[in-house]
Amino acid sequence: VYADCVVPSPPTKIPDGATATLNEMRDTQKAMKGYNDLIKAYTDCLRLEAANALVAAKDSKLTSDEKKLLERSEAEKNNRAVDQATEVTTRFNEQVRIYKARPDQKKG
């Protein structure tokens with residue numbers, strides 16, 4: 001049912017905030033924004049696919065349990081993608097805090 005919805009891969013490398021350059025941090029920030037946009041598109045795709053499947057199910061003889069299974073499948077895939085995005089974003093934000101705390105990044 002969800003063949004057209006492809007879960008995006010997260011950025012492959014989160015730089016170490018203790019040693020990263022400003023350009024590495026900025027590049028990763030751009031990659032993270034792009035990744036989050038892809039996650040949004042993926043979850044939108046899942047919702048559309050599930051809605052289409054439920055419309056098609058009205059014409060078929062799916063049972064109530066089978067319809068619930070379709071809905072649950074969409075929700076589980078959505079939750080996995082959001083959890084993955086949250087985990088990657090949390091790791092990146094941790095490295096941003098480390099980067100900003102470095103003595104060479106403090107102003108004054």
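C5 and C45 are both buried, where buried means under 20% relative accessible area, exposed over 50% and partly exposed in between, with a 1.4 Å probe and protein chains only. The model is predicted: local features need pLDDT of at least 70, side-chain atom pairs count only at pLDDT 80 or more, and totals for chains, interfaces and linings use all residues. Residues are numbered from 1 along each chain as its sequence is written, and side-chain values use heavy atoms, without hydrogens and water.

The sulfur atoms of C5 and C45 lie 2.0 Å apart and form a disulfide (a pair of cysteine sulfur atoms within 2.5 Å). A search of the whole structure finds 1 disulfide. C5 sits in the segment before α1 and C45 in helix α1, so the pair ties together parts 40 residues apart in sequence. The torsion about the S-S bond of C5 and C45 is about -90°, so this disulfide is left-handed.

T43 also belongs to helix α1, residues 22-59; helices (H or I, at least four residues) and strands (E, at least two) are DSSP runs numbered from the N terminus. T43 is buried, with a relative accessible area of 6%. Its side chain reaches the backbone oxygen of K40 at 3.0 Å. Setting aside residues up to four places away in sequence, T43 touches N78 and V82, contact meaning heavy atoms within 4.5 Å.

Technical notes:
Polar contact = N/O pair within 3.5 Å; in protein donor to acceptor, adjacent residues only side chain to side chain.
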